[in-house]
Amino acid sequence: YRVVSRATSDDGGKGADSAAKMFTIDKSVDVSPEITVPQGWTCYKAADLTSIYGNFQDNGIGIDSGTIRIAEDVGMDDNDSNDVYYQWFGSSWSWGSSEAWLDVPNSPWPSPDALKNWSMTSATDPPMPSWENGKKYRVRTKGHDALDHEKMSILEPDFIYDTSRPTVTLSVPALPDGQYYSSMDEITGTIPDNVVHIMNEKKVYVRVSGAGSFWYNDGGTWISTTTAYYNEVTVAGTLTNWTLDTYIDADNKVDWQDGVTYTVEVYAEDNAGNAHGTSGSPEITRTFKYDETPPSSEIVTPQDETYLNLAPDTTGYASDVVYYNQTKVCIKDLDVTKYYKQGNDPPWIAGVQWNVVDSFSTGPGDHGWEYLASSVTWIDGRKCIVWTRAFDAAGNEETSPTDSDITLADWSSPYGGEVTMQSILSDGIFFNSSNT
């Protein structure tokens, strides 16, 4: 404003104008201060927080000084009742329970301006505090003009200082490397970190490849591609387990193929960017072989529905496309409805029992096996049925075991004994040769 005074007399005379006086009305700091760094709801590693900075603005007489308050959120509970504050004593600093507003570096300024930028580093006066790994902080500023008006920043950005990397693990597929799996609906692991807070959202990156292709979840749809994409799994800051669902439904899944060796590569990082591995050098590389098709087995001896005057060796073969592992036999005494359990006393007991045979080899293709007569405590004159069931390395087992019906003659006779010709039906009903 401009003010001029003038004197007048009763007869209408008037004097000359006085010298003008100028003044400005300024009732407030009219612009809220801005804090550029740190950003709110952010985790920072050391390399990303070498300074904090922002600005003050006033369209009136201008900014004369700026102050800052830095608080440590003790317990990370967003409850300021137990916060401690940054205190600067000119040559040393500490954290104290009393709220403290400090002049930002170079404040107050020699002359006010509409815009004043400020920055605080480890070398300024006052210096930026030494942030501690795994702790949460809040920053707020005030802009002041020469008339002692002030305005506080609207926002009070809170952030976590984190210099420790997470530790990512892979649980499924598991060690040792190269295991066989009959299903793989989920790839799972853990990612513990030093900061357990909702702000510290973590990322796990998983790449799946096999038979010259990569499997990628493209916006919720699994696709096979020749591009080496990583799948991103987001893990909440308070959780440690992660899961990549490879089966959404029957039409949306990773199409695992029998006999294919797949590779799973994993790396991870926390919200501050601390990484455990990289895309070019993943922390974990693991393989597994897929096989969902059950093996099969056949009994060669004894033949079905036969009479024997010698204790039989049970022999046969088993087959698997990917990797045959073992065969088991179950021997049932049909006369007393008991099952043979090798090494048990008594050997014939109630309840189905499976005994492991001796396999000549394992792996893909056909493999012979035997269960010697000496392995079984046979009883003369009993009618028995033998089943076999094959297993592969992925844990698939034969769903419909094969069987052989045998009747044991009295092999204590030098001529094998005399028996009435009998057949044994699958339902356990017996009939003689004349069908009567």
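## A hairpin and its turn

D148 takes a positive phi near 65° in the hairpin of β11 and β12. Five residues lie between the two strands of this hairpin. The model shown here is predicted.

Strand β12 covers residues 150-152. Three bridges join it to β11, and the two strands run antiparallel.

Strand β11 covers residues 135-144. Nine of its ten residues are buried, so the strand is largely enclosed by the rest of the structure. Strands of a sheet pair through backbone hydrogen bonds, either parallel or antiparallel.

β11 also pairs with strand β6, residues 65-72. That pairing is antiparallel and has eight bridges. With strand β13, residues 158-161, β11 forms four bridges, again in the antiparallel sense. Y137 shows both pairings: it stands opposite E72, and it also stands opposite F159 in β13.

The side chains of E72 and K135 meet in a salt bridge, 3.6 Å from N to O. E72 lies in strand β6 and K135 in strand β11, so the pair ties together parts that are 63 residues apart in sequence.

K135, at 27%, counts as partly exposed.

## Other salt bridges

The structure has 21 salt bridges by the rule used here. One of them joins the side chains of R6 and D17, at 2.6 Å from N to O. Both residues lie in the loop between β1 and β2, so the pair ties together parts that are eleven residues apart in sequence. R6 is partly exposed at 49% relative accessibility. D17 is partly exposed too, at 46%.

K203 and E232 form another salt bridge, at 3.2 Å from N to O. K203 lies in strand β17, residues 202-210, and E232 in strand β20, residues 231-235. The pair therefore ties together parts that are 29 residues apart in sequence. K203 is partly exposed at 21% relative accessibility. E232 is partly exposed as well, with 48%.

Some charged residues are linked in a network of salt bridges. Its members include R69, D73, K136, R138, R140 and D158.

## A sheet of three strands

Three strands form an open sheet in the order β14-β16-β21, with antiparallel pairing. Which strands lie at the edges? They are β14, residues 169-172, and β21, residues 241-245. Each of them pairs on one side only. Neighbouring strands of this sheet are turned by 30° against each other on average, direction ignored.

Strand β16 covers residues 186-190. Three bridges join it to β14, and the two run antiparallel. Here G189 in β16 stands opposite L170.

T188 is also in strand β16. Is T188 buried or exposed? At 15% relative accessibility, T188 counts as buried. Beyond its neighbours within four places in sequence, T188 is in contact with L170, S171, V172, W242 and T243.

## A nonpolar surface patch

Y1, V3, F23 and I25 form a nonpolar patch on the surface. Together they have about 430 Å² of accessible area. I25 lies in the loop between β2, residues 21-22, and β3, residues 34-37.

Definitions and conventions: Residues numbered from 1 in each chain as written. Predicted model: local features only at pLDDT ≥ 70, side-chain atom pairs only at ≥ 80, totals over all residues. Heavy atoms only, no water. Patch = residues over 30% accessible without salt bridge, like charges linked within 9 Å, V, L, I, M, F, W, Y side chains within 5 Å. Areas by Shrake-Rupley, 256 points an atom, 1.4 Å probe, with all protein chains shown as cover. Salt bridge = Lys/Arg side-chain N within 4 Å of Asp/Glu carboxyl O. Pairing = 2+ DSSP bridges. Axes fitted to C-alpha atoms, helices over the stretch in contact; angles between N-to-C directions. Buried < 20%, exposed > 50% of the residue type's maximum accessible area, 1.4 Å probe, protein only. Contact = heavy atoms within 4.5 Å.
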